[in-house]
Amino acid sequence: MTLVHRVLHPKPITSLDDYVVRRGGRGWEAAQTMTPDAIIAEVSASGLRGRGGAGFPTGVKWRTVADNHSAYEASSVVVNGAEGEPGTFKDRTIVRNNPYQVIEGALIAARAVGADQVIFGMKASFATEVTHLRAAIAEVEAAGWSDGVELVVFEGPDEYLYGEETALLETIAGRHPFPRIAPPFRRGVREVVETQGDANTGSGLSAHVEMAGDSEENDAPPALVDNLETMANVAHILARGATWFRSEGTRDSPGTIVCTVSGAVEHAGVGEVMMGTTLREAIQAIGGGPRPGEQIKAVLSGTSNAVLTADLLDTPLTYEDMAAIGAGLGSGGFIVFGEDEDLAAVAAGVSRFLAVESCGQCSPCKQDGLMISDLLEKVCASEATERDLDTVRRRLGTVADGARCYLATQQQVVVTSILDRFADDVTAHLPGPGGTPPAADAVEPVLIAELLDITDGVAHVDEHHRSKQPDWTYDATSSGQAPAERLDDHRTPGS
């Protein structure tokens, strides 16, 4: 199985002139001759689904935003490049390889939904990608492509929740990356009604951003928030048509997907494959397969989907096939674990990452999450009991109660799947019959955190995350407060 090159070109494109020579800009040109409705119809016909994780139909999202336009303010397009899912490096690779297709796709989206600004949400720590993107925007503006549309690169904090679409909007609006209740199609970047605060939790928290009214003329302008890879595909769809896009992939999951492979493989890497390629084939093509003499024991699709066992490696990478095995494509980031690795340590690593990154607006998410994390660390130390494991199970049942975003559900899904599918790894750390010592030695939780870079086939994981406290500081000890309690609107997001 070979890699394909729809979104990831074999050789990086370093100038707008080079991009135009390689057929770039034709989607933008086509869009100028089409009505917004026709653009949305073409994207809908392509079957493109969001590549950020949820896989929501892109055309449906665009239509919803267009239908909920404001009578007072233009809509906004927000390109979500706040990549922080563990095991994922595809959006940054796309920007390094060809930022022009992302900008072109975003300008097409702006025309489709009536937006007068495009905001590229990046992390301030993505220095290389921000530089590439800003340079490309300057060329696009000089060429006159963006007339009437403001192009802005927004540099946000490193918090994981910054990548959640409503938290991204909150941060752009000058607040902290806390998920809000109002969805982007009802409340976007621009505020035209007063945001209500709460006496108990502090003014301006995203939990209290109210919904736009239900009248025919909405007050608040909506925002179209799409993943960066999604926007890159849009440029090619408008240039070549929906039928061309569907010529690769499957009927229900057309096109290609850019995947990241890391962990117990020959080399970490990022590559583009057709939808329908099996997970095993993708691991081989992108990562060179398992390390010599080793077998794959498990694969983690970021921290959003159930862990995959070795017998599931031949599952096609489509939304429907992954859902059929109780998992998901996520953002195409696959962390591979070898046969000698302890999945109890993986469960503890995933749980800690999610518990730390929880903002604490929803108490069960933070408090139950921390309890699960602490007890799984105790399991890894071979100091836990059956009662502790029972407590983990109970807390997994309540951690998502009242949750406003998906993070708490991730805790449920991933940890429960490891406890169920790799029960022997976990119970080996518990005392045996009659209180005999555990069969497994103590292990350290696996570091599950953002990928900082991939160089020469080596994935560099954010080691600094080991020191991050549940209050989002890097102090020696935590304040004991959740970030939503500790932070207020007078502080810098991410501080």
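The crossing of helices α14 and α16 is left-handed, a label used when the near helix is turned anticlockwise from the far one by less than a right angle, with clockwise being right-handed. This is a predicted model, in which local features need pLDDT of at least 70, side-chain atom pairs count only at pLDDT 80 or more, and totals for chains, interfaces and linings use all residues. Residues are numbered from 1 along each chain as its sequence is written, and side-chain values use heavy atoms, with hydrogens and water left out.

**The α14 and α16 pair**

- Helix α14 covers residues 363–380 and helix α16 residues 407–421; they pack at about 30°, with axes 10 Å apart.
- The two helices are therefore roughly parallel to each other (angles under 35 degrees; over 145 is roughly antiparallel, 65 to 115 roughly perpendicular, the rest oblique).
- On the α14 side the contact (heavy atoms within 4.5 Å) uses Cys365, Gly369, Ile372 and Leu376, and on the α16 side Leu407, Ala408, Gln411 and Val415.
- By class, this contact of α14 with α16 has six nonpolar, two polar and no charged residues (Ala, Val, Leu, Ile, Met, Phe, Trp, Tyr, Cys and Pro are nonpolar; Asp, Glu, Lys and Arg charged; the others, Gly among them, polar).

**Aromatic pairs**

- You will find four aromatic pairs in the structure (ring centres of Phe, Tyr and Trp, with the six-membered ring for Trp, within 6.5 Å; planes under 30 degrees apart are stacked, over 60 edge-to-face, the rest tilted).
- One of them joins Trp28 and Trp145: the ring centres are 5.2 Å apart and the planes at 10°, so this pair is stacked.
- Trp28 sits in helix α2 (26–32) and Trp145 in the loop between α7 and β3, so the pair ties together parts 117 residues apart in sequence.
- Both Trp28 and Trp145 are buried (under 20% relative accessible area; exposed is over 50%, partly exposed in between, with a 1.4 Å probe and protein chains only).
- Phe178 and Trp472 form a tilted pair, 5.8 Å centre to centre with 45° between the planes.
- Phe178 lies in the loop between α8 and β4 and Trp472 in the loop between β11 and α18, so this pair ties together parts 294 residues apart in sequence.
- Phe178 and Trp472 are both buried.

**A look at Ile13**

- Ile13 is found in the segment before α1 (16–21), and Ile13 is buried, with a relative accessible area of 3%.
- Leaving out residues up to four places away in sequence, Ile13 touches residues including Asp18, Arg22, Asn97 and Tyr100.

Conventions
Axes fitted to C-alpha atoms, helices over the stretch in contact; angles between N-to-C directions. Helix = DSSP H or I, 4+ residues; strand = E, 2+ residues; numbered from the N terminus.
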